[in-house]
Amino acid sequence: MSYPLAPGPGGKARSLAVLHGIDLDLRTGETLALLGETGSAKATLARSLLCLPPPTAGAVVWMGRDLMATAAPPAAGDANDPDRGGLRRARRDLQPLFPDPAASFDPAMTLGAQFGLVLESLRPSDVAADRRDHRIDEALEEAGLRPEAALRWPSALSVAEAAHAGLARAILSEPRVLVADEPA
């Protein structure tokens with residue numbers, strides 16, 4: 001992952017490489033933890049693994065599929081494919097756990113409404129609309145909250161409740177991998 005810098009002498013383009021030569025393998029049941037000093041690009045790596053944004057070079061491969069190719073804007077003929085390249089499946093499998101979950105929620109929607117959108121987007125056919133509320137309740141309970149939390153607004157959550165709600169949202173789609181940046 002590289003970030004552009006201001007042009008150098010003579011207008012020459014410059015960039016700062018913050019990640020290079022990273023090769024990770026994660027197998028079922030394994031936990032991988034990266035330790036490093038502040039500023040060592042751990043958060044950049046986490047976002048790169050999720051293609052948020054896609055890395056500037058290399059590949060992010062999940063289950064044999066290059067996520068960088070699926071994250072690219074669709075070609076003119078591909079615009080009608082709702083899951084071009086399997087990106088929806090990858091988003092379902094790889095869920096982020098944000099460092100500031102309260103800031104990652106939409107303040108204009110209840111938790112339940114936001115969770116419903118997650119299921120509608122990532123599990124449209126395998127979690128029927130009439131079962132979504134039940135799945136949301138399950139995820140909230142798994143994360144240590146009561147189902148009534150679905151009726152709450154993000155601004156009404158304590159810091160600890162927001163962390164639990166962030167975990168509930170991350171596990172809602174039953175991902176295969178949680179990518180956590182500074183989990184509490």
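I began with the pair Arg152 and Glu161, which form a salt bridge with their closest N and O atoms 3.1 Å apart. The model is a predicted one, and I read every distance here as a computed value. I looked up the accessibility of both partners. Arg152 counts as partly exposed because its relative accessibility is 26%. Glu161 is partly exposed as well, at a relative accessible area of 24%.

I then asked how many salt bridges the structure holds. The count is eight.

I went to Arg135 next. Its side chain meets that of Glu138 in a salt bridge, at 3.3 Å from N to O. Both residues lie in helix H6, residues 132-142, and they are three residues apart, about one turn of the helix. Arg135 is buried, with a relative accessible area of 5%, whereas Glu138 counts as partly exposed at 29% relative accessibility.

Arg135 also forms a salt bridge with Glu174, where the closest N and O atoms are 3.5 Å apart. What does this pair tie together? Arg135 lies in helix H6 and Glu174 in the loop between H7 and S6, so the pair ties together parts that are 39 residues apart in sequence. Glu174 has 44% relative accessibility and therefore counts as partly exposed.

The network of salt bridges links Arg92, Arg123, Asp126, Arg135, Glu138, Glu142 and Glu174.

**Entry on Arg169**

I looked up Arg169, which lies in helix H7, residues 159-172. Arg169 is buried and has no salt bridge. The nearest side chain of opposite charge is that of Asp100, 9.1 Å away.

Which residues is Arg169 in contact with, leaving aside its neighbours within four places in sequence? I listed Gln95, Phe98, Pro101, Ser104, Phe105, Gln114, Phe115 and Val118.

**Entry on the largest pocket**

I turned to the largest pocket, whose volume is about 1,400 Å³. It is lined by 44 residues, and those closest to its centre are Leu24, Leu26, Leu32, Leu49 and Val179. I sorted the lining by residue class: 28 residues are nonpolar, eight are polar and eight are charged.

I then looked at which elements contribute. Helix H1 (42-49), strand S3 (61-62) and strand S6 (177-180) each supply at least two residues of the lining. H1 gives the largest share of the lining, six residues.

**Entry on H1**

Which residues of H1 are buried? They are Thr44, Leu45, Ala46 and Ser48. What covers these buried residues includes strand S1 (2-5) and S6.

Key: Residues are numbered from 1 along each chain as its sequence is written. This is a predicted model: local features need pLDDT of at least 70, side-chain atom pairs count only at pLDDT 80 or more; totals for chains, interfaces and linings use all residues. Side-chain values use heavy atoms; hydrogens and water are left out. Helices (H or I, at least four residues) and strands (E, at least two) are DSSP runs, numbered from the N terminus. Buried means under 20% relative accessible area, exposed over 50%, partly exposed in between (1.4 Å probe, protein chains only). Lys and Arg count as positive and Asp and Glu as negative; His and the chain ends are not counted. A salt bridge is a side-chain nitrogen of Lys or Arg within 4 Å of a carboxyl oxygen of Asp or Glu. Contact means heavy atoms within 4.5 Å. On a 1 Å grid over the protein atoms alone, a cavity is a set of points where a 1.4 Å probe fits but cannot get out, and a pocket is an open set with protein on both sides within 12 Å along at least five of seven lines; lining residues have an atom within 4 Å of a point. Grid points are joined across faces, edges and corners, and a volume is the space filled by probe spheres set on the points. Ala, Val, Leu, Ile, Met, Phe, Trp, Tyr, Cys and Pro count as nonpolar, Asp, Glu, Lys and Arg as charged, and the others, Gly among them, as polar.
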